[in-house]
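Welcome! Let's take a friendly walk through one protein chain together. Have a look at the sequence and the model below before reading on.

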Amino acid sequence: MNYMGNANWWNNRFQSRSLNLMKHEKTLEEDIQFFQGRKTILDIASGDGRNAIYLAKLGFEIEAIDFSFEALKRLNYFANRENLKIKTELMDISKDDIIKLTKKYDAIIINHYRLPQKLYVDLINFLNIEGILWVNGFSELPKDNPNIRESDILYDEDFKDLNPNNFIDKKEYEINNNRFIRYIWKK
Ligand SMILES: C[S@@+](CC[C@H](N)C(=O)[O-])C[C@H]1O[C@@H](n2cnc3c(N)ncnc32)[C@H](O)[C@@H]1O
């Protein structure tokens with residue numbers, strides 16, 4: 001059982017969940033001022049859409065990608081239930097599928113998925129000028145979730161290929177004795 005397991009593992013996980021959407025990420029809500037004046041947002045490794053739906057309800061145009069068919073099926077169900085339009089695409093982001101993206105966005109969010117380091121630079125190419133990249137995840141192994149492995153932890157070095165002039169903000173924080181980190185970069 002791996003936190004960042006393969007698509008089958010995630011499909012089983014999403015299939016076994018009840019038809020309730022988890023609450024959106026609190027840090028995203030706290031950061032919402034960074035998204036002001038922006039319109040289009042891509043949610044990478046969106047899962048079943050708790051953050052995509054939160055942002056769509058605020059009026060942003062959201063696209064969501066994930067490699068779990070079951071996650072996107074649930075996302076579409078929740079979006080329809082709320083009368084929201086969210087475009088979804090099945091994509092394995094670890095296999096350089098990122099180059100299949102066809103347009104640019106005002107913001108890209110990645111919540112609790114560690115992108116292979118070399119892909120951050122590619123991802124910046126899919127931001128409009130002044131667009132932001134928002135990344136949030138564990139900064140230390142949590143004590144209460146054995147699914148999460150060392151390879152899932154975010155480090156400053158993950159972003160070493162990005163232009164330091166484009167760095168906007170980093171926030172380290174703690175919830176229930178677990179340590180998290182959130183980065184914001186700009187194009
Ligand atoms: C911990 S969940 C986070 C989901 C969502 N971002 C959230 O905050 O609720 C990790 C997500 O990453 C997706 N994922 C893992 N590896 C992936 C890959 N290689 N390509 C695309 N999605 C992937 C999983 O299917 C799962 O939905």
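## A hairpin at the end of the chain

Lysine 171 has arginine 182, in β7, as its bridge partner. Helices (H or I, at least four residues) and strands (E, at least two) are DSSP runs, numbered from the N terminus. The model is a predicted one, in which local features need pLDDT of at least 70 and side-chain atom pairs count only at pLDDT 80 or more, while totals for chains, interfaces and linings use all residues. Residues are numbered from 1 along each chain as its sequence is written.

Strands β6 and β7 (residues 178–186) run antiparallel and are joined by 8 bridges; two strands pair if DSSP finds at least two bridges between them. Together β6 and β7 form a hairpin with 2 residues between them, and asparagine 176 in the turn has a positive phi of about 45°. Asparagine 177 lies in the loop between β6 and β7, and its phi is also positive, near 70°. Most residues other than glycine have a negative phi. Is asparagine 177 buried or exposed? Asparagine 177 is exposed, because 9 other C-beta atoms lie within 10 Å. A residue is buried if 20 or more other C-beta atoms lie within 10 Å of its own, exposed if 12 or fewer, and partly exposed in between, with C-beta atoms placed from the backbone.

## The whole chain

How many helices and strands does the secondary structure of the chain come to? There are 5 helices and 7 strands, and along the sequence they follow the pattern α-α-β-α-β-α-β-β-α-β-β-β. The chain is as compact as a globular protein of 187 residues, because its radius of gyration is 16 Å, close to the 16 Å that the globule rule gives. This radius is taken over C-alpha atoms, and the globule rule is 2.2 Å times the number of residues to the power 0.38.

Along its principal axes, the C-alpha trace spans about 45 × 35 × 30 Å. Of the 187 residues, 30% count as buried.

## The sheet

An open sheet of 7 strands has the order β3-β2-β1-β4-β5-β7-β6, with mixed pairing. Why is one side of β3 and of β6 (167–175) left without a neighbour in the sheet? Both stand at the edges, each with a single partner strand, so one side of each has no neighbour there. From one strand to the next, the twist averages 15°. Angles run from 0 to 180 degrees between N-to-C directions, and axes are lines fitted to C-alpha atoms, for helices over the stretch in contact.

Strands β2 and β3 pair in the parallel sense over 5 bridges. Glutamate 63 has lysine 87, in β3, as its bridge partner.

## Helices on the sheet

Helix α3 lies across β1, β2, β3 and β4, and runs at about 170° to β2. Its buried residues are Asn51, Ala52, Ile53, Leu55 and Ala56. The elements that cover these buried residues of α3 include α2 (26–30), β1 (40–44) and α4 (69–81). Just after α3, glycine 59 takes a positive phi of about 105°.

Helix α4 lies across β2 and β3, running at about 170° to β3. Helix α1 (residues 7–15) packs with α4 at an angle of about 35°, with axes 7 Å apart. In this contact, Trp10, Asn11, Phe14 and Gln15 of α1 meet Phe69, Glu70, Ala71 and Arg74 of α4; two residues are in contact if their C-beta atoms, placed from the backbone, lie within 7 Å. By class, the contact has 4 nonpolar, 2 polar and 2 charged residues. Here Ala, Val, Leu, Ile, Met, Phe, Trp, Tyr, Cys and Pro count as nonpolar, Asp, Glu, Lys and Arg as charged, and the others, Gly among them, as polar.

## Around the ligand

Which residues are the closest to the ligand? They are Trp10, Ala45, Gly47, Phe67 and Ser68, out of 19 residues that surround the ligand. A residue counts as near a molecule or strand if its C-beta atom, placed from the backbone, lies within 6 Å of it. The shell divides into 8 nonpolar, 7 polar and 4 charged residues.

Alanine 45 sits in the loop between β1 and α3. Alanine 45 is buried, because 22 other C-beta atoms lie within 10 Å. Its phi is positive, about 55°, although alanine 45 is not a glycine.
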